[in-house]
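Have a look at the picture, and then we'll go from the whole chain down to single residues.

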Amino acid sequence: MTEISHRYPRVAEYLENEVGFEKWSRCHYPGLRYNITTTNMVESLNSMLVNARDFPYVALLDVIQEKMSKWWNDRRIVAMAITAPLTPSRESEFRPRFAQSNGRHTLQLNPVTYHVKGGELEGVVDIFNKTCTCKEFDIDKLPCVHAIAAAHHAQVSVYSLVSPYYTKEYYVLAYSETIYPVGSQSQWDVPNEVATRVVLPREVKERKRGRPKTSRFPSVGEFRKRKNRCGKCGAYGHYKKKCNSQTGSTEGNQPTDVPV
């Protein structure tokens, strides 16, 4: 935060006084976010449905169901093939910490608390409550180098200190169910109260002239790279010096999307 304040004082003031640390810093977040630092999952789904979102509702739901069914099956196959105790991403992050924990001086303070020295930062580990004063263990729910050293000293399995959500068993359980297609509309079992319900069409407003906008509006604070526009032909994507057009006409060279 000191570096941000030095380089961008107005940004630092905004983050500290208007937004609040808990909105953008994992160590200040009141809940558990594990290693998730973004809430943009909706944006990922939106980009996946960019070609299907103009479909009728039933067709759009079919596309979503088909995609989800494929994802679930593919990830179930990956999860079943895992041989390590943890998921691949967590295992690759966890393994290097074993070497980093070597040579640490560990002092037992009571049956569950250990003081680990060595390295740039020392830590006090509680292997019962699964915490460490370095806070890395508390936030990530994955043992830090101090917790690994304490576990070795206490002759406790290091993997017993890992959050169960990182294990292969939970990974398999997450994708254990099968997503089936809903079938043809003629086969749907629709309750009578739903079938007889009258649904009025939505209010249609007068549409503005021109092609409807298909790309989403950028969020507040989001920046998009502006495309270069040729001063000769008027097309986007290149400069005048690299223009291959023989005339100065802009006909047929207009971009499909207006740059932000």
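The protein exposes about 20,100 Å², and carbon and sulfur atoms supply 54% of that area. Areas like this come from the Shrake-Rupley method with a 1.4 Å probe, and for residues only the protein chains shown count as cover. Keep in mind that this is a predicted model: local features need pLDDT of at least 70, side-chain atom pairs count only at pLDDT 80 or more, and totals for chains, interfaces and linings use all residues. Residues are numbered from 1 along each chain as its sequence is written, and side-chain values use heavy atoms, with hydrogens and water left out.

**The overall layout**

The protein has 9 helices and 4 strands; both are DSSP runs numbered from the N terminus, helices being H or I with at least four residues and strands E with at least two. Reading from the N terminus, the elements go α-α-α-α-α-β-β-β-β-α-α-α-α. Of the 260 residues in the protein, 23% are buried. Here buried means under 20% relative accessible area, exposed means over 50%, and partly exposed is in between (1.4 Å probe, protein chains only). Now for contacts, meaning heavy atoms within 4.5 Å. Among those between residues at least 6 apart in sequence, 45% join residues at least 24 apart.

**Helix α4**

Helix α4 covers residues 57–80. How far apart are its end C-alpha atoms? They are 34 Å apart, which agrees with the 34 Å that 24 residues should span at 1.5 Å a residue; the expected span is 1.5 Å times one less than the number of residues. Leu60, Gln65, Ser69, Arg76 and Ala79 are the buried residues of α4, and α8 is included in what covers them.

**Salt bridges**

There are 6 salt bridges in the structure, each one a side-chain nitrogen of Lys or Arg within 4 Å of a carboxyl oxygen of Asp or Glu. Here are some of them:

| Pair | Closest N and O atoms |
|---|---|
| Arg7 and Glu3 | 3.9 Å |
| Asp74 and Lys70 | 2.8 Å |
| Arg95 and Glu91 | 2.9 Å |

Why are Arg7 and Glu3 separated by about one helical turn? Because they sit 4 residues apart in helix α1 (residues 2–7). Both Arg7 and Glu3 are exposed.

Asp74 and Lys70 are also 4 residues apart, about one turn of the helix, with both in α4. Asp74 counts as partly exposed because its relative accessibility is 32%.

In helix α5 (residues 88–101), Arg95 and Glu91 are separated by about one helical turn, because they are 4 residues apart. Arg95 has 48% relative accessibility, so it counts as partly exposed. Glu91, on the other hand, has a relative accessible area of 9%, so it is buried.

**Arg97 and its surroundings**

Salt bridges also link Arg90, Glu93, Arg97 and Glu136 in a network. Is Arg97 buried or exposed? With a relative accessible area of 7%, Arg97 is buried. This residue is found in helix α5. Leaving out residues up to four places away in sequence, Arg97 touches Glu136, Asp140, Leu142, Pro143, Cys144, Val145 and Ile148. A polar atom of the Arg97 side chain also lies 3.3 Å from the backbone oxygen of Leu142.

**Two residues with positive phi**

Most residues other than glycine have a negative phi. Lys130 has a positive phi, near 60°. It is found in the loop between β3 (123–126) and β4 (131–132), and it is partly exposed, with a relative accessible area of 31%.

Gln155 also has a positive phi, near 55°. Where is Gln155 found? It is in the loop between α7 (145–154) and α8. Its relative accessible area is 75%, so Gln155 is exposed.

**A nonpolar patch**

Last stop: the surface. Val58, Val182, Trp188, Val190 and Val194 make a nonpolar patch of about 390 Å². Patches are made of residues with over 30% relative accessible area and no salt bridge, where like charges are joined within 9 Å and nonpolar side chains (Val, Leu, Ile, Met, Phe, Trp, Tyr) within 5 Å. One of the patch residues, Val190, is in the loop between α8 (168–174) and α9 (192–195). Val190 counts as partly exposed because its relative accessibility is 40%.

Terms used
Polar contact = N/O pair within 3.5 Å; in protein donor to acceptor, adjacent residues only side chain to side chain.
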